[in-house]
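Subject: Structure handover

Hello,

Here is the structure for your own work. My notes on what was found in it follow below the entry.

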Amino acid sequence: MTSEDIKQQYSMRDILLRYGMVPDKRGYIPCPFHHEKTASMKIYKGGYNCFGCGENGDIFTFVQAMDNLTFKEAFYELGGEYPEYTDSNKFKRNLTRYKAEKKRETEQNRLRRLKERIQLNNMLINIYVRTINKSEPLSDVWCDCMNALQYQLYKSEVLNEKR
């Protein structure tokens, strides 16, 4: 398949669904390339444009940016093939796809583990705050919880920077 065949086969919305993103009624999503509170990325049939950070392109540039791939890797990821390739080069093509898939899986696993650590951190913060509120001020339990809370708040800042 050529790049034009791929563009005809996949719309930008199809590519977004691969990443678990669904545009709203107006065709906007929160931009995955910068932190924001409101949706500023407009999705078109064959491309996208973020009015917040200026990121724009087609389905290939989106896959490249999301998975940190080269154009060639993104092209293979979407099912592209170069007609001049023979069976002897099929291994290289499959290896490129495999590496791109492993890279994406590794990043997804890293984000999943980070999310779990953030959830655990928030749970500990809540426990310490409740214990502090129930304890007598300046008691041993209150002091221990206050120290542990400060540490968990620090960890929360560090974990949120890794997003």
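What is the volume of the largest pocket? The value comes to about 790 Å³. Before the rest, the basis: this is a predicted model, in which local features need pLDDT of at least 70 and side-chain atom pairs count only at pLDDT 80 or more, while totals for chains, interfaces and linings use all residues. Residues are numbered from 1 along each chain as its sequence is written, and side-chain values use heavy atoms, with hydrogens and water left out.

The pocket

A pocket here is an open set of points on a 1 Å grid over the protein atoms alone, where a 1.4 Å probe fits, with protein on both sides within 12 Å along at least five of seven lines. Its volume is the space filled by probe spheres set on the points, which are joined across faces, edges and corners. Lining residues have an atom within 4 Å of a point.

The largest pocket has 22 lining residues, and Pro32, Met66, Glu107, Leu111 and Arg163 lie nearest its centre. Two or more residues of this lining are given by α3 (59-67) and by α5 (90-134). Helices and strands are DSSP runs numbered from the N terminus (H or I and at least four residues for helices, E and at least two for strands). The largest share of the lining, eight residues, is from α5. By class, the lining holds eleven nonpolar, four polar and seven charged residues. Nonpolar covers Ala, Val, Leu, Ile, Met, Phe, Trp, Tyr, Cys and Pro; charged covers Asp, Glu, Lys and Arg; the others, Gly among them, are polar.

Salt bridges

Side chains of opposite charge can pair when their charged atoms come close. The search of the whole structure finds seven salt bridges (a side-chain nitrogen of Lys or Arg within 4 Å of a carboxyl oxygen of Asp or Glu).

One of them joins the side chains of Lys7 and Asp58, at 3.1 Å from N to O. Lys7 belongs to helix α1 (residues 3-9) and Asp58 to strand β4 (residues 56-58), so this pair ties together parts 51 residues apart in sequence. Lys7 is partly exposed at 34% relative accessibility, whereas Asp58 is buried, with a relative accessible area of 19%. For these words, buried means under 20% relative accessible area, exposed over 50%, and partly exposed in between (1.4 Å probe, protein chains only).

Asp24 and Arg26 also meet through their side chains in a salt bridge, at 3.7 Å from N to O. Here Asp24 is partly exposed at 31% and Arg26 is exposed at 54%.

Glu107, one of the residues nearest the centre of the largest pocket, forms a salt bridge with Arg110, with the closest N and O atoms 2.9 Å apart. Both residues of this pair lie in helix α5, three residues apart, about one turn of the helix. Glu107 is partly exposed at 34% relative accessibility, and Arg110 is partly exposed at 31%.

Surface patch

Phe91, Leu95 and Tyr98 form a nonpolar patch on the surface, with about 330 Å² of accessible area together. Patches are made of residues with over 30% relative accessible area and no salt bridge, where nonpolar side chains (Val, Leu, Ile, Met, Phe, Trp, Tyr) are joined within 5 Å and like charges within 9 Å. Accessible areas come from the Shrake-Rupley method with a 1.4 Å probe, and for residues only the protein chains shown count as cover. Leu95 sits in helix α5 and is partly exposed, at 32% relative accessible area.

Backbone and distances

Asn68 is a residue other than glycine with a positive phi, near 55°. Asn68 lies in the loop between α3 and α4 (71-77) and is exposed at 59% relative accessibility. Between Asn68 and Ala100 there are 8.9 Å in space, C-alpha to C-alpha, and the two are 32 residues apart in sequence.

Leu138, likewise not a glycine, has a positive phi of about 70°. Leu138 is in the loop between α5 and α6 (140-161) and counts as exposed at 68% relative accessibility.

Glu116, in helix α5, is partly exposed at 42% relative accessibility. Glu116 and Ser139 are 23 residues apart in sequence and 32 Å apart in space, C-alpha to C-alpha.

Regards
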